[in-house]
Amino acid sequence: MFTVRRRGTARLAVAMVASGLLAAGSIAVAGSAIADDATPTAPGATATLGGLKTFDAAVINDGGKKEDVSAGLFEMSVDGGGTIQTYCIDLHNPTQGKAAYKEVSWDESSLHDNPDAGKINWILQNSYPQVNDLAALQKTAALSGPLTEKLAAAGTQVAIWRFSDKADVTAVDPVAEELADWLQDHAKDLKEPAASLTLDPPAVSGKAGDLLGPIKVHTNASTVQVSPAPGNPSGVKVTDKNGTAVTSAKDGDELYFDVAAGTADGTTSLTATANTKLPVGRAFTGVDSTTQVQILAGSSDSSVSATATGTWAAKGPIPAVSAEVNCAKNGLDVTAANEGDQPFTFNLADKEYTVEAGKSETITVPVAEDQHYKVTITGPEGFEKTFEGVLDCQTAGNGGDTPSSSPSPATAGGSSEGTGDTGSTTGGNLAETGSSSATPVIAGIAIALVVVGGGAVFFLRKKKSAPSAE
């Protein structure tokens, strides 16, 4: 049911926050009370779906049955400020109105096993809205007629679906179809873009008197602001490796928690924030609902953030429990490291595991696709953590929903205004680019079928007097 494997601290350093939903609680292990007041969140951007804004008509050809859909650009409002535009990479899965989304890596999305993911990125970089000179795009692609925004959006979306969902789909308008064919024929592999902002690792640990870290900053922003958690314990500050207090950082910088000797056992956190244009090609999945996976096509200056946690204790087992989505195995890799001087025993999904002092183990916990998951990890002296989220690792075409017999009608000349010949996409389930009506029912059942889950708690690591080699 589970696989257990041993990994070193280098493996721990690259583990990411799985769900961003870390329940506050407390740790008391081997007599050491460690207050867990920090609540790390998913790194990068989080956003709320607005709707399908610029679109035109397309047709899915599914075994001789034709399904009309709308194809084009969605818009999302970024939490903290900013707006992003996205295309769908999950054709048959409807969007959920006002769904919350988070920025994730390709490995944590339906692109994890898609050999054409790089071609999708090429399309994004070489078509609308990244190329907003439509006359130039029309000339480059040798199109037979004028290219409007709605046709450019529809043609781009259709080309993306052919790679993301392996769909037999065509644009209704001949010019949009010509653009889709040109993009499909010319697409080349491009590498995955880096995250807008991450802190690596998202948690560190050690003993009072040590520098806890390093925590490396990865960002495309020119600078990020760094601040300790409100109520940061006296005797703890955020510094560089020399112990100099830090309030801002740039890509590649390393941060530490400087914990004064004699500081009572505890936990704190730091938060890095920035405003930046998000990298085109980043994937977005639902935070707490099953909703259509999206891929970034354009961004205003938007708010991004990342949190890292530092924990220290005097003796006994000092657990570091974290998790990351493992789409390759349709589950969560739950990693438990023990930087203490006694074994750490914990219970996960009704099984007991023990990690010896100075060791770590990873348990791959199976999670049902498109289902809400939840897990509670318990240990000695009141150790308890609960994590939850939604696993979204496959397109509906990979064994999930198929188009229903009553898809949402395609509306030519679409915008969100709903005036004239445009079609309103506000309200409802916004299923313009997904034709299954089953998802709301599945989501309801999922809550009742909660099984296991994951998220990120703490990484506790030994003192490092100098930055580790990558």
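Let's begin with a loop: proline 201 sits between strand 9 (197-200) and strand 10 (203-206). In this predicted model, the peptide bond that joins aspartate 200 to proline 201 is cis, and its omega is about 0 degrees.

Now step back along the numbering to another proline. Proline 129 is found in the loop between helix 2 (117-126) and helix 3 (134-140). Here, too, the backbone takes the cis form: the bond from tyrosine 128 to proline 129 has an omega near 10 degrees.

From omega we can turn to phi. Most residues other than glycine have a negative phi, which makes the next two stops worth a look. Lysine 98 is not a glycine, yet its phi is positive, at about 60 degrees. You will find lysine 98 in the loop that runs between strand 6 (83-88) and strand 7 (100-104). Is lysine 98 buried or exposed? With a relative accessible area of 62%, lysine 98 is exposed, because the cut-off for that class is over 50%.

The other stop is aspartate 370, which also has a positive phi of about 60 degrees without being a glycine. Aspartate 370 belongs to the loop between strand 24 (360-366) and strand 25 (372-378). What is the relative accessibility of aspartate 370? The value is 19%, so aspartate 370 counts as buried, given that buried means under 20%. Side by side, then, lysine 98 is exposed, whereas aspartate 370 is buried.

Notes. Residues numbered from 1 in each chain as written. Predicted model: local features only at pLDDT ≥ 70, side-chain atom pairs only at ≥ 80, totals over all residues. Heavy atoms only, no water. Helix = DSSP H or I, 4+ residues; strand = E, 2+ residues; numbered from the N terminus. Buried < 20%, exposed > 50% of the residue type's maximum accessible area, 1.4 Å probe, protein only.
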